[in-house]
Amino acid sequence: NIPTSARISALGGFNVSHIDGDLSFVNANPAMLTTDMHNQFVLSYTNYVSDINLGYAIYARNFEKAGIFSAGIQYLNYGKFYNTNEFGEVLGKFNAADYAINISYAYPLKKFNFGGTLKTIVSDYWEATSFGMAVDLGATYKDTASLFSAGLVFKNLGFQMKKYTKGVRESLPIDMQLGITKKFKHAPFSLSLTAI
C-alpha cells in the first residue's frame, strides 16, 4: 500500500483512474498501461522512516502485434537488525526485506483498456522467508470528449507458495479499488475520487 512514486503520493496514495501516460501508475492499475508509454522508464527511490528504504523501477515496451508490456521490480528494505542472545551479546547482523517482480500487459478496446499484472512476491526476514504469486486485474474507461475517466482494479489475487511457518498458510491482502477522474476544460487541474 506504500505509493511507488511522488506523484501517486500527492494524489493521496491511491489512484486507479487518472490516465495521462505516467508509467508509475501501472502499479496502481495495470489497465493504465497504454501504447504511448512505449520505451518509458521510471526509477523511484524513497528513504522512508528510520533505516527503511523503498525502491521501484519499471520499463514499458510496445510490440506491434503482441501489445504493450511492462516489467518492474519493487522493494522495501527494513534496514539492519542485530541478532542477540538473552544477555544482549551481538551474535551477528541481518537485513529484512520484501520484493515484488511484476510483468504487466494491457489491451485497448475502443474507450476501454484492460490490463493484468503477474507478481512474484518474496519476503526475506532472516530465518522466516516466504514466496507467493499474485495477479492484479484492472480496467479503465476514458472519454476524451468529456474529459472523464474511470478505473477498477482487483489486487493481490493469489496465494502463498512457501510459508513463513510450516503448516500455516497466510492469505494475501486482496483489495478492490474503484475510481473516477474528471478534468475541467478551463482549469489546470482535475478531481479524482477513489474508493478502496
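Two remarks on conventions come first. This is a predicted model, in which local features need pLDDT of at least 70 and side-chain atom pairs count only at pLDDT 80 or more, whereas totals for chains, interfaces and linings use all residues. Residues are numbered from 1 along each chain as its sequence is written, and side-chain values use heavy atoms, with hydrogens and water left out.

Let me begin with the fold. The protein chain has 1 helix and 9 strands; helices (H or I, at least four residues) and strands (E, at least two) are DSSP runs, numbered from the N terminus. Read from the N terminus, the order of elements is α-β-β-β-β-β-β-β-β-β. The C-alpha trace spans about 70 × 35 × 30 Å along its principal axes. Of the 196 residues, 38% count as buried. Here, buried means under 20% relative accessible area, exposed means over 50%, and partly exposed lies in between, with a 1.4 Å probe and protein chains only.

How are the strands arranged? The 9 strands form an open sheet, ordered β1-β2-β3-β4-β5-β6-β7-β8-β9, with antiparallel pairing. Two strands are taken to pair if DSSP finds at least two bridges between them. At the edges of the sheet stand β1 and β9 (190-195), each of which pairs on one side only. Neighbouring strands of this sheet are turned by 15° against each other on average, direction ignored. The axes behind that angle are lines fitted to C-alpha atoms, for helices over the stretch in contact, and angles run from 0 to 180 degrees between N-to-C directions.

Strands β5 and β6 pair in the antiparallel sense over 14 bridges. Ser123 stands opposite Ser130 in β6.

I turn now to the charged side chains. How many salt bridges does the structure hold? There are 4 salt bridges, each defined as a side-chain nitrogen of Lys or Arg within 4 Å of a carboxyl oxygen of Asp or Glu.

Arg7, Asp20 and Asp22 are linked in a network of salt bridges. Asp20 meets Arg7 with the closest N and O atoms 2.4 Å apart. This pair links distant parts of the chain, since Asp20 is in the loop between α1 (6-10) and β1 (41-47) and Arg7 is in helix α1, 13 residues apart. Asp22 also forms a salt bridge with Arg7, at 2.9 Å from N to O. Asp22 lies in the loop between α1 and β1 and Arg7 in helix α1, so this pair ties together parts that are 15 residues apart in sequence. The side chains of Asp22 and Arg7 make a polar contact as well, at 2.9 Å; a polar contact is a pair of N or O atoms within 3.5 Å, where within protein one must be able to donate a hydrogen and the other to accept it, and residues adjacent in sequence count only if both atoms are side-chain atoms.

Asp22 counts as buried at 18%.

Elsewhere, Asp143 forms a salt bridge with Lys111, with the closest N and O atoms 3.6 Å apart. Asp143 lies in strand β6 (residues 128-143) and Lys111 in the loop between β4 and β5, so the pair ties together parts that are 32 residues apart in sequence. Asp143 counts as buried at 15% relative accessibility, while Lys111 is partly exposed at 43%.

Finally, the surface. Phe63, Phe69, Ile103, Tyr105, Tyr107, Leu109, Phe112, Phe114 and Leu118 make a nonpolar surface patch of about 830 Å². The elements giving two or more residues to this patch are β4 (90-109) and β5 (112-125), and the largest share, 4 residues, comes from β4. Patches are made of residues with over 30% relative accessible area and no salt bridge; like charges are joined within 9 Å, and nonpolar side chains (Val, Leu, Ile, Met, Phe, Trp, Tyr) within 5 Å. Accessible areas come from the Shrake-Rupley method with a 1.4 Å probe, and for residues only the protein chains shown count as cover.

Strand β4 also holds Ala106, which is buried, with a relative accessible area of 1%. The C-alpha atoms of Ala106 and Gly67 are separated by 7.0 Å, although these residues are 39 apart along the chain.
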